[in-house]
Amino acid sequence: MLIETEATPNPATLKFLPGRKVMDMGTRDFATPEEAEASPLADALFSLGDVQGVFFGSDFISVTAAPGVSWSDLKPDVLGILLDHFSANMPLFRPGTAGGIDVPADDQDFEDDPADAEIVEQIKELIETRVRPAVANDGGDIIYRGFDKGKVYLRMQGACSGCPSSTATLKNGIEQLLKHYVPEVTEVRAV
């Protein structure tokens with residue numbers, strides 16, 4: 001089995017491509033070892049001690065190294081864990097009941113005004129068709145969180161979270177795209 005790696009705009013994050021489907025639907029972001037307990041793979045990666053974040057995309061895994069950690073030292077260990085996991089066809093998540101699922105409350109969501117339903121639909125469609133595929137190419141994801149008085153609130157995940165160029169991506173890329181197609185948009189903010 002060959003696992004390819006790609007650099008991302010975030011120098012602390014590498015994108016690993018196992019050549020097969022990782023997530024059937026959606027994405028999953030693990031920012032702490034406690035969150036990673038839901039996944040044997042994420043848990044194993046965090047157990048290396050030098051991993052600060054793990055992100056599962058449709059066909060890739062992004063791993064973020066802790067500050068000061070060299071990828072030349074960490075990469076062989078990450079590749080070993082990924083090879084073992086995918087070669088053994090291990091499950092991505094631990095089995096459990098709904099009672100064991102912990103979904104953290106996210107007070108950053110905004111209630112969309114029903115009067116803005118058409119605008120919100122346009123924003124979501126642009127994010128889904130134009131923004132998310134580009135962000136996934138860089139090893140991350142972007143999640144719509146709300147629209148309020150011209151402001152679009154988005155959450156960046158994976159390689160995009162904490163990336164030095166994420167502000168430029170938001171302001172020069174996503175904000176300009178949304179303003180161009182949806183004149184009601186005045187600003188894009190990360191939450």
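Trainee: Which side chains meet Glu-175 or Lys-179 in a salt bridge?
Mentor: Start with the general idea. Side chains of opposite charge can pair when their charged atoms come close. Now the case here, in a predicted model. Glu-175 and Lys-179 pair with each other, at 3.5 Å from N to O. That is inside the 4 Å cut-off for a salt bridge.

Trainee: Where do Glu-175 and Lys-179 sit in helix α5?
Mentor: They are four residues apart in α5, so about one helical turn separates them.

Trainee: Is Glu-175 buried or exposed?
Mentor: Buried means under 20% relative accessible area. Glu-175 has 7%, so it is buried. Lys-179 has 32%, so it counts as partly exposed.

Trainee: Which residues of α5 are buried?
Mentor: Ser-166, Leu-170, Ile-174, Glu-175, Leu-177 and Leu-178. These buried residues pack against α4, β6, β7 and β8 (187-190).

Trainee: Let us turn to α4. How many residues does α4 have?
Mentor: Helix α4 covers residues 117-137, which is 21 residues. From its first C-alpha to its last it reaches 29 Å, close to the 30 Å expected.

Trainee: Where does α4 bend?
Mentor: At Val-131, by about 40 degrees. Look for a proline as well: Pro-133 follows within four residues. Just after α4 comes Gly-139, with a positive phi of about 85 degrees.

Trainee: What do the buried residues of α4 pack against?
Mentor: Against β6 (140-148), β7 (151-158) and α5 (166-181). The buried residues include Ile-119, Ile-123, Leu-126 and Val-135. Val-131, the site of the bend, is also buried.

Trainee: Which residue forms a salt bridge with Arg-132?
Mentor: Glu-128 does, with the closest N and O atoms 3.0 Å apart. Both lie in α4, four residues apart, about one turn of the helix. Glu-128 is partly exposed, with 46% relative accessible area. Next, look for a network. Glu-128, Arg-132 and Asp-141 are linked in one.

Trainee: How many salt bridges does the structure hold?
Mentor: Six. One of them joins Arg-94 and Asp-43, at 3.3 Å from N to O. Here the partners come from distant parts of the chain, 51 residues apart. Arg-94 is in the loop between α3 and α4, and Asp-43 is in helix α2 (residues 40-46). Both ends are partly exposed: Arg-94 has 40% relative accessible area, and Asp-43 has 26%.

Trainee: Now aromatic rings. How many aromatic pairs are there?
Mentor: Rings pair here if their centres lie within 6.5 Å. By that rule there are five pairs. Read two values for each: the centre distance and the angle between planes. Phe-30 and Phe-56 give 5.1 Å and 70 degrees, an edge-to-face pair. The pair links distant parts of the chain, with Phe-30 in strand β3 (residues 28-30) and Phe-56 in strand β4 (residues 51-56), 26 residues apart. Both residues are buried.

Trainee: Is the pair of Phe-30 and Phe-93 tilted or edge-to-face?
Mentor: Tilted, at 6.5 Å centre to centre and 40 degrees between the planes. Phe-30 lies in β3 and Phe-93 in the loop between α3 (71-87) and α4, so the pair ties together parts 63 residues apart in sequence.

Trainee: How do Phe-30 and Phe-93 compare in accessibility?
Mentor: Phe-30 is at 0%, so it counts as buried. Phe-93 is partly exposed, at 29%. With Phe-56, they form one aromatic cluster.

Trainee: Which residue lies over the face of Phe-60?
Mentor: Lys-15, at 4.7 Å from the ring centre.

Trainee: One last feature. Which residues is His-85 in contact with?
Mentor: First set aside neighbours within four places in sequence. That leaves Leu-41, Met-90, Pro-91 and Leu-92. His-85 is found in helix α3. At 4% relative accessibility, it counts as buried.

Notes. Residues are numbered from 1 along each chain as its sequence is written. This is a predicted model: local features need pLDDT of at least 70, side-chain atom pairs count only at pLDDT 80 or more; totals for chains, interfaces and linings use all residues. Side-chain values use heavy atoms; hydrogens and water are left out. Helices (H or I, at least four residues) and strands (E, at least two) are DSSP runs, numbered from the N terminus. The expected span of a helix is 1.5 Å times one less than its number of residues. The bend at a residue is the angle between axes fitted to the seven residues ending there and the seven starting there. Buried means under 20% relative accessible area, exposed over 50%, partly exposed in between (1.4 Å probe, protein chains only). Contact means heavy atoms within 4.5 Å. Rings of Phe, Tyr and Trp (its six-membered ring) pair if their centres lie within 6.5 Å; planes under 30 degrees apart count as stacked, over 60 as edge-to-face and the rest as tilted. A charge sits over a ring if NZ of Lys or CZ of Arg is within 6 Å of the ring centre and within 35 degrees of the ring normal.
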